[in-house]
Amino acid sequence: MATAQPILPTELPDPSIGNAYSGFSQRNPVLLTDRSKIGFWDRVDNVFRGKLGGSYKIPFISGLTVRAEVNVEQLSRATKSFRKTAELYQYLPETDSYSLEGVFSPVSSISDAQFRRTQLYPLVSLEYEKQVGNHSIKLLGIAEQQTRKFSSLNASRLNLLASSIPELFIGSTDQQLNGGNSGADIGRKSVVGRFNYGFKDRYLFEATMRADGNVLFAPETRWGYFPSVSAGWVISEESFFNSSKLVDFLKLRASYSRLGDDTADGLNGYDYLTGYDLQGNPYLLGDSEGQPRIRTRGLVNPALTWEILTMTNIGLEATLFDGKLGVEVDVFNRKREGIINFNVEDVPSTFGAQLPVVNINSQESRGFEVLLSYEQRIGAFKIDISPNISLARSTWLEVKSQEDFTDPDQQRLFELDGKRVNRFVGYRSDGIFMSQAEIDEYPVIQDGNGNATIRPGDIRYVDLDGDGELTFRDQEEIAFNTGLPELVGGLNLGITYKNFRLSGLLQGASNFAINISGNARNAFSNASIPLTYHYDLRWQPDPNNPGVNINPNASLPAMTQAPGANNNRVSDFWVKNVNYLRLKNLNLTYALPESLLSKIGIGSMDVYVAGENIVTTNNLGIFKNAFDPEAQSGNPARTFPITRTFAFGLRVSL
Amino acid sequence: MKNLYYYLLLGVILTLSSCQDPFELTPTDIISGAIVFEDEGLADAFVADLYERALLHYNSGGTNIEMNLVNSFGGESRNFAPWQSPFGRVMDTDFDENGAGVLSWWPYGTIRECNVFIENLPLSTSLSPDYTAVRVAEARFIRAWEYFEMAKRYGGVPIVTKALPLGATDEELFVERNSEKEVYDFIGSEMDAITAILPEVAEDDGRVTRWAALALKSRAMLYAASVAQFGTPQLDGMLGFPASDANAYYQQSLAASKEIIDGGAFSLYRESSDPVENFINLFLDESGNSEKILVEKYDFEAGKNHAWDVTGTPAGFGFAWNSNYPVYLETMELFDFIDGSSGKVDRAIYDDNTPIDPARFFGERDPRFRASVFYPGTSFKGGTFYSHRSTDYTDPTTGEVMRSTAQGFTIPGSDGWPGAGHPRHRGGNPTGLLTRKMINPATPDGTRSSTDVIILRYGETLLNYVEAAFYLGDPNGDMETIFNDLRDRAGMPLLSAGEITEDRIRQERRVELAFESQVFWDLRRWRIAVEELHMVQRHRTHYRYNYDTGMYTIAIADGDLGRVRLHPERNYYYALGLGQIADNPNLVENPGY
C-alpha cells in the first residue's frame, strides 16, 4: 500500500492484458485482495470442547461435596495456501502499449497443512462448607492436571499444472516438500488448598496454598509452592460506625499472593536436557540429498524453575452520601523474581557456548488505581460521572543478563539495574542544519569524519559532554519507551433528561513514546510514497542553487532516495513522548415513550446516534495528524488505523 | 436419577485414572549427546553444521542481499536499494567505537563447537580412526577460516582452542587477545598439520581437501605478508608485524601456492574458445570444473539455495525482484582494452555529447568485463540488456530527427531497438551497468538459485603466487609464465616480466576477482583502502543512443545518491566494540576508538 503510486491506475485500459503495475516491483495492493487472481491463504479451525463432570454430597458429613470433571479440547486446524502467478503491466500511453514490470509469485505453489492438538484437563475437588452462628467456614481442595499433545503434517508443491484447481495433486512432483512432527508441549499438575473464614459479613479471610508442577522443568525443580492470603474488613458493619451519616459503606482489604509463571519469554521447554537438535535446512555435500545438520542445545541449567510473581495489594472501597459517590482505591506492588534470561555477566563471549537460561533478573512494579463514581439529579436531569486513573511504574531490581559495565557512561546509559523499565536512550537533536555554513560553523564533529558526510538539511545533534565529538557518551534518557503507557485515565459521563440520554467516554494516556520509523521517518524508504509532512516540511534545495533552502517551513531533513546514517541515529528528533486524549465514544439515545409503544405492542424502542473515536488530541506537533498514538508505535504503514465510525440506529425489543 | 450421578462420577474417575501422567511426557526430538560421537551419520551432521555456520561467503540478509556486501564495501558495485545493508549500511558509515557494524564477525560460538568436535570425536570407541582424523581436520579448517575472518577485521583476537566447561575459572574464561602475528601463525600451522591428513580428492564435493587447506594458507600468508610490508605495528605488536617478517610470509604463501600448482590437480578453466563465454561459464559450470578448489554447494531441490539470480538478474528477464547490483564507472575503468590500452579513458568524453562507439568501448574491453558486467547491448537469455535513457533517430516517413524516451517504443525500421532501456537500468538510482558474474540464465524464472558459490579457486592461487613471487624477486623464475597463463585465458595480451609491476598485479587481481568478495580485503591489506575508498566518489553512467550513427553518448553522475563511502585510517582495524570490552575487560580495544 505504501508503495502504490497514486498517479498509476489500479486497472489497465485493457484489463485482459493483466494487472496494473502500482509503482514498484511486483507490489499491488488491489491485486493482493483478489483471491481469483493471486490465490489465497485459508485457515479453518475445528474446535471441540467437552466437559464431563459430576458432584456428590457425601451423605454422612453435612457440607462435604466431592466433585470431579474432565475437560477435553481438541483442535483440528487445516491451513491451505494457494499462490498463483500474476503479471503486472504498465500502460505506456505514448505508444499505446504495455510493459511487463513485475511478476507476483513467479512460481505458482500450493501447500496444505494439517495440525491436530488434544488437551486433556481432569480435575477433582473436595469442598466443605459450614456455618456455625456468625462464623462461616469453607475448605476446598483441588487436584488437577493438564496435558497437551500435538501432531502436524504438511506438504507443498510448486509449478501448478492449472491455476484453477487449488489441490495438492495439481502441482509438479519435482520440487514437492513434506514435513511433520508430533510431541507434547504442556504437562502440568497442581494441588490447591483453600480456606475461607467469615464473621458476620464484617471480617473476611482467605488463605490459599498452591503446589504447581511443570514437566518442562527438571524433576528436581519442577514443583513450585505458592501461598496467598487476603483479608477484608467491612468497617461500616462495626457498631461504632453506625453513627456516621456521611459514609454508607466502608471496606478495607489487603492481599498478598505469590504465583508461578511458566509461560515467560525465553522458556523453550525441556531446557534442562542436553543434547542436539536437528536443524531446519541441510548443508550440501556431494551430489546426494542434503546433508542433515545437528546443533547443540547449548549448556543447560537443571536448576531452571518458575518465575515468581509476588503481589501485594491494599484497597479501600466506600460509598458516600446515600450511595451517590462511590470510591475505590487500590495501591499495589508487584515483584517479578527469577525472570528467565541468559547469564551473560559471568562469562565472556569467547567462551562461545550458548548459555543456559537462568532465573536471574528481577523487576518491581508499583502503582495505584482510583475509580470514582458519582450520580446526581438536578431537576429532570440525571448526571452520572465516573473518572478513573491508574499509574503503574516498573523498575529493574537486578539484571544479570547483560555485561557487567565498568565504564561510567555505559553504566549510565545501558545498565538496567535499578532503572525504570520504561526508558528510551538516545541523542538530543537540535533541529536541522539549514545551510553548509551552519555545518561549517558547528563545532561538533557528528560523523567522525570532520562532518564531511553531513549535508544541509541533516539533523544537528547536541554534544552533551562538550568534547567536540558526537560519541555514544552524548546519549541520555530521551523519552519513555514505546509500548504500554504508564499512566492511563478515563472518564465516563452520562446525562439523562426525560427520554434522552447522552453518554460518552473520554480516554487518555501518558508516559509512553512513539518512535517514528520506517517510511514515516524516511521518505521513499522501501520505495514508499512520501507523506504530506515530508513534502511540506522538508529542507528543500533551490534547484538553481542546491546548497540553499527555499522552504520557509523547513524542519525535516531533505528528501533523498538514500537517507544518510546521520539522520537515523536514535534521537528525540524521531522518538517522541506522547500524551493523548480522545473522545472514544459518544451516544445520544432517545427512548420513545412507553405510552405510545404499548399501543402497538412494542416493549421498547430507542433511536440513537453513536460515534466512536470522534476527536483525538495529542502533543505530537507536526506529526499530530499522522499517528494514532493508541494504535501505533511509529510506523503508520504497518498497522491498520483505528477507524472513526458514526452510526445511526433503531433498537426495538418486543 | 441419583444412580445416574453415581455412574457419571464413576465414569469421570475412570477417565481420570486412564489419563497419562503429564510428568511422563518426554520430548521426542532431542538427540542425545552421548551418541553423537559414536555414530557416523550424527558426526557428519555435526560437521555439516560447522560448514553452514562458517562465513565461507556472506549469504545472510533478507533474500541473501548481503551476498554483495563485501563488493559494496570494496567500491565495486552496490545494492540498488538504500534500505538494504549493502548500500545503506556501507555508505556514510564510520565504523566507530561500537564495532564493525554489518561487517562484525565474532564467531566464538562456531569455534567452541569446532573445539568440542576436535576434542571429542577422537575419543570415539566405535568410529574408525581414519574417519575421525579426516572429520577433525575439516573442523580444524573451519576453525582456522573463522580466525582468518576475524584477523582480517580486528587483527589479533583471543585464540581459543579448548571448549571450557561452565565451571572454568575467571582466569581461564577472561582471555586476553593474542597478537595478529600469533593468529596468522596459528592459521599457518593448522593448515600445515591438516594438509597431511585431508584427502586429495574429497569424498563429497563441497568438503575441504588438502588443496583447500593449502589454498587458505596461500591466501592467509599473503595477507600476513602484505600487512607486514605495508602496515604499521601498533599496541606493542598486538597489531601488525615487524616489516622484516614480510619475506617469510611471502615465502610461506608462495610455497603453498606452488604445492597446489605442482600438484597438478587444477588448471584454469578453458572449456570454450570464446574468452567471454568461457569466463561466464567458469562460475556456472558444475561438471568437472577444473578451477574449483572449494565451493559452497547449492541445490534448490535439495533444500539449500540462494537468491543471486532472483535479485541480480536484469529486469525484463523473468524475475520479479531484479537488477539489484549496479556496477560503478570506476570498476569498468579497471578493465583495459584487448589491445592493451588503458580502460580508464579521459573522462572528458563523458559529456553527454561525444559519440562513443559501443563496438570499441564495450566490445573491445577485457573479455572478463563482458563476462562479469551487464553493459548496454549485452546479449542475455536470447534478449538484450539496454540501459540507455533515450534514442535519437530519423523518422523514415517524415525525415525528422526524433528522440524517444519510452521503453515500449520500438525505433521504426529497427530490429526491436527500444526508445529507452528498462527504468530499473536508467534514471536516478541505477548506474547503467549491472553485475553479471555468477548470474545463471539456467535458473528457472522466478525460482531461487542452485549455482554453487566458489570459495577458493585456482585462478586466485595463481594471483597469490604471482604477488608473492613479485616481492620475493621471482625466486622460481616462473612469475611471467604463470601471470600470462591468466592473461591468456582471459583473452588479454601477454606481458613481459618487466611489465609485471605492483600496479599491474593489483589491477589484474581486481579484474579477475571482481565481485568475488575479495577486492575490499585486498585494498585493506595493501593499505590503500583510505586512498581508494575513503570519501572517494563512485560514479554512475547515463547513456543516450543515436540510432542513425550507432553511437552512444555518456554522462556521469554521483553513483551513491549523495552518500559517501568511508574508510578512515583507523578502520584498518575495526573496533571490537563497546559490548566486547564491557563483556571482557581483559580485551584491549584497537587504537583510535
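This is a predicted model: local features need pLDDT of at least 70, side-chain atom pairs count only at pLDDT 80 or more; totals for chains, interfaces and linings use all residues.
B:Asn476 lies 218 residues away from B:Lys258 along the chain, yet 9.7 Å separates their C-alpha atoms.

In chain A, A:Arg538 occupies the loop between helix H6 (532-537) and strand E24 (541-542). A:Arg538 is buried and has no salt bridge. The nearest side chain of opposite charge belongs to A:Asp536, at 6.5 Å. Beyond four places in sequence, the contacts of A:Arg538 include A:Tyr533, A:Asn549 and A:Asn551. A:Ala554, A:Leu556, A:Pro557 and A:Met559 are also in contact with A:Arg538.

The two distances given above are set out here.

| Pair | Atoms or groups | Distance |
|---|---|---|
| B:Lys258 and B:Asn476 | C-alpha atoms | 9.7 Å |
| A:Arg538 and A:Asp536 | side chains | 6.5 Å |

Chain A also holds an open sheet of three strands, in the order E1-E4-E5 and with mixed pairing. Its edge strands are E1 (19-20) and E5 (97-104), each of which pairs on one side only. Strand E4 of chain A, residues 86-92, runs antiparallel to E5(A), and seven bridges join the two. Within this part of the sheet, A:Glu87 stands opposite A:Val103 of E5(A).

Conventions. Residues are numbered from 1 along each chain as its sequence is written. Chains are lettered from A and ligands numbered from 1 in the order in which they are written. Side-chain values use heavy atoms; hydrogens and water are left out. Helices (H or I, at least four residues) and strands (E, at least two) are DSSP runs, numbered from the N terminus. Buried means under 20% relative accessible area, exposed over 50%, partly exposed in between (1.4 Å probe, protein chains only). Lys and Arg count as positive and Asp and Glu as negative; His and the chain ends are not counted. A salt bridge is a side-chain nitrogen of Lys or Arg within 4 Å of a carboxyl oxygen of Asp or Glu. Contact means heavy atoms within 4.5 Å. Two strands pair if DSSP finds at least two bridges between them.
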